[in-house]
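Subject: Handing over a structure, with notes

Dear colleague,

I am passing this structure on to you, and my notes on what was found in it follow below. Please have the sequence and the model open while you read.

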Amino acid sequence: MVYNNNNSDSQYALRDITNQHGGRKSSIGTHSGEIQINDMSSDKAAQKHIHIASNPFKNNAKERQHYFQLAMHFLQQKEYKQAETYFQKAASLGCSSALYRLGIMYMSEDLGEDREVAYSYKKAFECFAHAGNMGHSGAVTNIGTLFFNAGKFEEAMQYYVQGANMGCVYAYKNIGKMYESGHGVPKDNTVALQYFRKCGSDRHIQRATRSVLNETCYGAI
């Protein structure tokens, strides 16, 4: 289990995240995910899904899919409040990807000046935790990023490792970044390179390789 809302340690962790992140950005990446959806760029397609979503389905899986696709349409159109509404509908039917997307919305700093959807690390944490408990590796990885932004590097590493073990390539990249920068672990470009290779990030591989070569030739930097 990723998170238990009744666990006192988890309550302290949530308090630390919400109180200490201070809005600071970091070089650690948030896993935004690449979820394939049907093309809903046309108004006709959107209206079709609006009609379907307004009628109850006996098949929850099909209903979840249509709510989620509708939410993604509104997200792409930057209609964030509508997107939040339909992500919540999909999440209420057990859609881990909807919970995950809600978490990203709540922690994102790029939803426009009017900010229709409230910025909330607390809500982001809860959405990622619930999605993680349903097996969503990207959500587990993003819990790590919430801890990282709060300066809780040991906890961040624990969730990155868990996300990596669940198959999230972004978790490997973030572990590599932590070894590259020395956040919460001894700075080690060789170990960082190993993790960058696992995630297949060419840019980070090249940078870490140069650092390893510099250490080999001139000593640790």
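Residues are numbered from 1 along each chain as its sequence is written, and side-chain values use heavy atoms, with hydrogens and water left out.

Phenylalanine 128 is buried, with a relative accessible area of 0%; buried here means under 20% relative accessible area, exposed means over 50%, and partly exposed lies in between, with a 1.4 Å probe and protein chains only. Which residues does phenylalanine 128 contact, once its neighbours within four places in sequence are left aside? They are Tyr100, Gly103, Ile104, Met107, Ala139, Asn142, Ile143 and Leu146, a contact being heavy atoms within 4.5 Å. With leucine 146, the C-alpha to C-alpha distance of phenylalanine 128 is 9.9 Å, and the two are 18 residues apart in sequence.

Turning to the aromatic rings, a search of the whole structure finds nine aromatic pairs. Rings of Phe, Tyr and Trp (its six-membered ring) pair if their centres lie within 6.5 Å, and planes under 30 degrees apart count as stacked, over 60 as edge-to-face and the rest as tilted. One of these pairs, phenylalanine 68 with phenylalanine 87, is tilted, at 5.6 Å centre to centre and 55° between the planes. Because phenylalanine 68 lies in helix H3 (residues 60–76) and phenylalanine 87 in helix H4 (residues 80–92), the pair ties together parts that are 19 residues apart in sequence. Phenylalanine 68 counts as buried at 7% relative accessibility, and phenylalanine 87 counts as buried at 0%.

The rings of phenylalanine 125 and phenylalanine 147 have centres 6.1 Å apart and planes at 85°, so this pair is edge-to-face. Since phenylalanine 125 lies in helix H6 (residues 121–133) and phenylalanine 147 in helix H7 (residues 137–149), the pair ties together parts that are 22 residues apart in sequence. Both phenylalanine 125 and phenylalanine 147 are buried. Elsewhere, ring pairs link Tyr67, Phe74 and Tyr86 into a cluster.

Lastly, a word on confidence: the mean pLDDT of the protein chain is 75, and 61% of its residues reach 70 or more, pLDDT being the predictor's confidence in each residue, from 0 to 100. Over residues 4–10 the pLDDT is below 50, and beyond near neighbours in sequence this stretch has three contacts in the model. Residues 32–58 also have pLDDT below 50, with 38 contacts in the model beyond near neighbours in sequence. Where pLDDT is low, the predicted coordinates should not be read in detail.

Methods
Predicted model: local features only at pLDDT ≥ 70, side-chain atom pairs only at ≥ 80, totals over all residues. Helix = DSSP H or I, 4+ residues; strand = E, 2+ residues; numbered from the N terminus.
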